[in-house]
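Please look through the sequence and the 3D structure below, and then follow the explanation from the overall plan to single residues.

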Amino acid sequence: GFPLDEDKTKSIAILRDRLIDGLIDSIPCAILNGSREDRICNNVNVSFDGIEARALLEWLDERYISASAGSACSSRQLEPSRILTAVGFPPKRALGSVRFSLSKDTSREEIDATIDFVSQGVSILRQH
């Protein structure tokens, strides 16, 4: 759990950045929500153009990848994240946004598998 020591915080941030880079580099029209530099060590929120987050979350859940739509305090809502729409995101972009949270136990292999599965899922959903 948190709080974490500085070394563990840095190692989580390295994995977070690997996830960000992998998603942005492998998925056309994927957009990081929020600042690249000014974010907590264990949070990634990305919008995927042309899909609804709920469909991707179901696809990922079948592959044992947990993620969320919306903010941490309202992840059960079916509407776009109030936080993302409040900062000016169009509802369609907010509806395609997925939040990933890393833990102190997240491994590099899990990050790489997540990148692969998200890329596959977005590609499949965009075709339908």
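Two strands are said to pair if DSSP finds at least two bridges between them, and the strands themselves (E, at least two residues), like the helices (H or I, at least four residues), are DSSP runs numbered from the N terminus. The model is predicted, so that local features need pLDDT of at least 70 and side-chain atom pairs count only at pLDDT 80 or more, while totals for chains, interfaces and linings use all residues. Residues are numbered from 1 along each chain as its sequence is written, and side-chain values use heavy atoms, with hydrogens and water left out.

The chain has five helices and three strands, and from the N terminus on these elements follow one another as α-β-β-α-α-α-β-α. Of its 128 residues, 40% are buried, where buried means under 20% relative accessible area, exposed means over 50%, and partly exposed lies in between (1.4 Å probe, protein chains only). Contact means heavy atoms within 4.5 Å, and among the contacts with a separation of 6 or more, 66% join residues 24 or more positions apart.

The three strands form an open sheet in the order β1-β2-β3, with antiparallel pairing. Because β1 and β3 stand at the edges and each has a single partner strand, one side of each is left without a neighbour in the sheet. On average, neighbouring strands of this sheet are turned by 30° against each other, direction ignored; such angles run from 0 to 180 degrees between N-to-C directions, and axes are lines fitted to C-alpha atoms, for helices over the stretch in contact. Helix α2 (residues 53-61) packs on the sheet, where it touches β2 and β3, and its direction makes about 40° with that of β3.

Strand β1 (residues 30-32) pairs with β2 in the antiparallel sense over three bridges, and in this pairing L32 stands opposite V46 of β2. On β2's pairing with strand β3 (residues 97-101), which is also antiparallel, there are five bridges; here V98 of β3 is the bridge partner of V46, and N45 stands opposite R99.

How many of the six residues of strand β2 are buried? Six of the six residues of β2 (residues 43-48) are buried, so this strand is largely enclosed by the rest of the structure.

Two packed helices are described by the angle between their axes and the distance between the axes. The axes of helix α1 (residues 6-26) and helix α5 (residues 108-127) come within 9 Å and cross at roughly 20°. That angle makes α1 roughly parallel to α5, given that angles under 35 degrees count as roughly parallel, over 145 as roughly antiparallel, 65 to 115 as roughly perpendicular and the rest as oblique. In this contact L15, R18, L19, G22, L23 and S26 of α1 meet R108, I111, D112, T114, I115, V118 and S119 of α5.

Helix α1 also holds R16, which counts as buried because its relative accessibility is 7%. Leaving aside residues up to four places away in sequence, R16 touches R39, I40, C41, N43, V44 and L102.
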